[in-house]
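Student: I am new to this model and would like to learn how to read it. Can we take the features in turn?

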Amino acid sequence: MLRIQSPEGTRRVDIDNLAVTRELFEKVLNAFETIEYPFTLYGRRDKSQEIASSDTKTLASYGLKHGDMIFLSPIAGAVQCVEQPTDNGKAKNQISNTLLSVSTPTPSMPGSKIPIRSTVDEDQVDLLLQKMDGTVKRKRDPKNCLHGDNSSCIHCLPLEPYDASYLKDLNVKHMSFNAYLRKLSSGLDGGKYANLDNISCRIKPGCTGHPPWPKGVCSKCQPKAITLNSQPYRHVDNIVFENPNLVEQFLHYWRVTGRQRIGFLYGKFDVHLDVPLGIKGTVAAIYEPPQESTRDSVRLLPDSRQSVVDRLAAKLGLSCIGWIFTDLVAEDVSKGTVRNFRNAETHFLSAQECVMAGHFQSLHPNPCRFSSDGYFGSKFVTVCVTGDAQNQVHMEGYQVSNQCQALVRDECLVPTKDAPELAFARQSTAEKYIPDVYYKNTIKKKRVDSDRYVYFSIQVSL
């Protein structure tokens, strides 16, 4: 039971704690006969802690519990007929200008109940993939299928694009992002309670129950602790170059000077046919901005031509889809070999490079109708040119996770000075609150009475 206080008095509504907030708005509208859309609901009398109408957020997510009072407030703009007494004690109809900030039910992806923001201008490749069936077709198995050609069974039925066994056979470690969306809507609820909420490491503004940080913080405004884990999906599944001469021209600077180089990748995203509902980035040009470089470092300089390059690329149907950098050290000049120092024993990307990747990804968010913010993650890719196990020049593509992107955006993560493979989580200060950052570590302990090993998973703070 919730109490609703409005200019027309107080009403009570009965609603389940796990119901979405859109249902709350509908019950409030039915409880007040003289109030019409639009109106807004707040958790506090001073119009803070706004409760937004949503098909994904529940009452529990706003901390509402039995007996709480919420406050209804019309906002300037709409017309509402209200019975009010006049100065002489007689009642008459007055027109009050109010505006309803309630969101109407949004359309959904075909076959799912995931809420969609129709105003988001998504990338063309995402629109194409959303219209595709996405299932993996299989032929009739002559050994296991005991039916005719016009029938099907569990051995030949099409597989979902997120099928774990099929992706393992393809040696695909992470499903595509659009396959992940299909997985969210595959349950019995059709994805009704699936959320694509961006991670925030900042204190929520507008909390009036205590003095601002550092004098006070509460569970309502405090960001949640972050436990680092592997992301099950990836926004881009492959990156290719339209012409091999692009890379050769980019490497020419290192071959002549021995100094490292950074460039921005301009191209477009297409459907990747080798991964179910996958996305492939095709690079058509590399733009090298002003920079100062040495054998071990690169520093980007202010670029007054960046906007001109972006406009020119847009006229050609291209956009900035990633960045590329070299980390090459010659081993044998006569043979043309380079050193291999990026591997599983050292690191694939240094902490500084992960911070840079997270920064660039935040500058290029991925438009997404299934997120309440209108964006989710990023398609911006990172390409590292380094030496492989055969001491040949080799390229590898990467993206940091949404967790890393959020930690970098909110200035929670910094590289260490003495170990390039390690990052450091900042500590809270009087100027900025930093949430706790944990990671899980598995330790192995041998039993005394046997040769068996027992594995323990513990959570450790950075």
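Student: How many bridges pair strand S3 with S4, and in which sense?

Tutor: The model is a predicted one. In it, strand S3 (residues 40-42) pairs with S4 over two bridges, in the antiparallel sense. Leu41 has Ile51 of S4 opposite.

Student: What is the order of the strands in the open sheet of five?

Tutor: Read across, the order is S2-S1-S5-S3-S4, and the pairing is mixed. Strand S2 (9-13) and strand S4 (50-51) are the edge strands, each pairing on one side only. Helix H1 (residues 21-31) packs on this sheet, where H1 touches strand S1 (2-6), S2, S3, S4 and strand S5 (69-73). The direction of H1 makes about 130 degrees with that of S2.

Student: How should I picture the side chains along a strand?

Tutor: In a regular strand, side chains alternate between the two faces of the sheet.

Student: Which strands make up the open sheet of six?

Tutor: That sheet has the order S11-S13-S12-S16-S21-S22, again with mixed pairing. Its edge strands are strand S11 (238-241) and S22, each of which pairs on one side only. From one strand to the next, the twist averages 35 degrees.

Student: How many bridges join S12 to S13?

Tutor: Nine bridges join strand S12 (residues 262-272) and strand S13 (residues 278-287), and the two run antiparallel. His272 stands opposite Gly278 in S13. Helix H6 (residues 306-315) lies across S12 and S13, at about 25 degrees to S12.

Student: What do S21 and S22 form?

Tutor: They form a hairpin, with five residues between the two strands. Strand S21 (residues 381-387) and strand S22 (residues 393-398) run antiparallel and are joined by six bridges. Val383 of this pair faces Gly397 in S22. In the turn, Asn391 has a positive phi of about 60 degrees.

Student: Now for empty space. How is it found, in general?

Tutor: Rolling a probe the size of a water molecule over the atoms shows where empty space is left.

Student: How many cavities of 30 Å³ or more does the structure hold?

Tutor: The structure holds one. The space in the largest cavity is about 40 Å³. Its lining consists of Glu122, Asp126, Gln130, Phe177, Asn178, Leu181, Asn366, Pro367, Cys368 and Phe370. Helix H2 (124-131), helix H4 (177-184) and strand S19 (365-367) are the elements that give two or more residues to this lining.

Student: Which element gives the most to the lining, and what classes of residue are there?

Tutor: H4 gives the most, with three residues. Sorted by class, the lining has five nonpolar, three polar and two charged residues.

Student: Is H4 mostly covered or mostly open?

Tutor: H4 is mostly covered, with six of its eight residues buried. The buried ones are Phe177, Asn178, Ala179, Tyr180, Leu181 and Arg182. Among the elements that cover them are H2, strand S8 (175-176), strand S10 (233-234), S13, S19 and strand S20 (375-378).

Student: Where does Asn243 lie? Why is Asn243 called partly exposed?

Tutor: Asn243 lies in the loop between S11 and helix H5 (244-257). Asn243 counts as partly exposed because its relative accessible area is 33%, and that class runs between the 20% and 50% cut-offs.

Student: How far apart are Asn243 and Thr282?

Tutor: In sequence they are 39 residues apart, and in space 9.8 Å, C-alpha to C-alpha.

Notes
Residues are numbered from 1 along each chain as its sequence is written. This is a predicted model: local features need pLDDT of at least 70, side-chain atom pairs count only at pLDDT 80 or more; totals for chains, interfaces and linings use all residues. Side-chain values use heavy atoms; hydrogens and water are left out. Two strands pair if DSSP finds at least two bridges between them. Helices (H or I, at least four residues) and strands (E, at least two) are DSSP runs, numbered from the N terminus. Contact means heavy atoms within 4.5 Å. Axes are lines fitted to C-alpha atoms, for helices over the stretch in contact, and angles run from 0 to 180 degrees between N-to-C directions. On a 1 Å grid over the protein atoms alone, a cavity is a set of points where a 1.4 Å probe fits but cannot get out, and a pocket is an open set with protein on both sides within 12 Å along at least five of seven lines; lining residues have an atom within 4 Å of a point. Grid points are joined across faces, edges and corners, and a volume is the space filled by probe spheres set on the points. Ala, Val, Leu, Ile, Met, Phe, Trp, Tyr, Cys and Pro count as nonpolar, Asp, Glu, Lys and Arg as charged, and the others, Gly among them, as polar. Buried means under 20% relative accessible area, exposed over 50%, partly exposed in between (1.4 Å probe, protein chains only).
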